[in-house]
Amino acid sequence: NNINHASYKRTARLKERIREAVESGSAYFLTITFNNETLSKTNEKTRRLYITRWLKTLSPFYVANIDYGKEKGREHYHAVITSDQRPPKTWKYGFIDILKVKTSENDTKRISKYISKLTNHAIKHTTKSKRIIYSRQTK
């Protein structure tokens, strides 16, 4: 029961942090993938370290989680960061998609769905051992 309560509190804190980032008007949504060479020559723990180090170079605020493609099960990450300017496409281990998160009602609804997905990934059975990556700094 205490574990469930702690998980709930952590999830609530992450949702609040992402909401604050979005409302700041400086949030970006990233989809980060790996090329075949990186996938074949590294393990998941190493790739997670690559993600963490790279996100730290972009922003003092980030929240990211691992995900797997629906069709082929390909590993990738989703992240929300804050930045005063569009982040550069400097990801050298694969491909990156960068979307500016606007604060209109439609964007807020879309990011709300992402927030739920992000936090649900942290607590679902298949990702229990895979924690969300996040900075200590808020927005």
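This is a predicted model: local features need pLDDT of at least 70, side-chain atom pairs count only at pLDDT 80 or more; totals for chains, interfaces and linings use all residues.
Residues are numbered from 1 along each chain as its sequence is written, and side-chain values use heavy atoms, with hydrogens and water left out.

**Exercise 1. Work out the strand order of the sheet and say which strands stand at the edges.**

Step 1: Start with the elements: strands (E, at least two residues) and helices (H or I, at least four) are DSSP runs, numbered from the N terminus.

Step 2: The 5 strands run 4-1-3-2-5 in an open sheet with antiparallel pairing; two strands pair if DSSP finds at least two bridges between them.

Step 3: Look at the ends. Strand 4 and strand 5 (133-134) each have a single partner strand, so one side of each is left without a neighbour in the sheet.

Step 4: Check one pairing. Strand 2 (residues 62-68) meets strand 5 over 2 bridges, in the antiparallel sense, and V63 stands opposite Y134 in strand 5.

**Exercise 2. Classify the ring pairs F34 with Y77 and Y50 with Y93.**

Step 1: Get the rules. Rings of Phe, Tyr and Trp (its six-membered ring) pair if their centres lie within 6.5 Å; planes under 30 degrees apart are stacked, over 60 edge-to-face, and the rest tilted. The structure holds 5 such aromatic pairs.

Step 2: Take F34 and Y77. Their centres are 6.2 Å apart and their planes stand at 80 degrees, so this pair is edge-to-face. It links F34 in strand 1 (residues 27-34) with Y77 in strand 3 (residues 75-82), 43 residues apart.

Step 3: Now Y50 and Y93. With 4.0 Å centre to centre and 10 degrees between the planes, they're stacked.

Step 4: Zoom out. F34, Y50, W54, Y77, W91 and Y93 form one aromatic cluster.

Step 5: The charged end of R47 sits over the ring of F34, 5.9 Å from its centre (the rule: NZ of Lys or CZ of Arg within 6 Å of the ring centre and within 35 degrees of the ring normal).

**Exercise 3. Is T52 buried or exposed, and which residues does T52 touch?**

Step 1: Find T52 in helix 3.

Step 2: Compare with the cut-offs: buried is under 20% relative accessible area, exposed over 50%, partly exposed in between (1.4 Å probe, protein chains only). At 17%, T52 is buried.

Step 3: List contacts (heavy atoms within 4.5 Å). Not counting residues up to four places away in sequence, T52 touches Y62 and I133.
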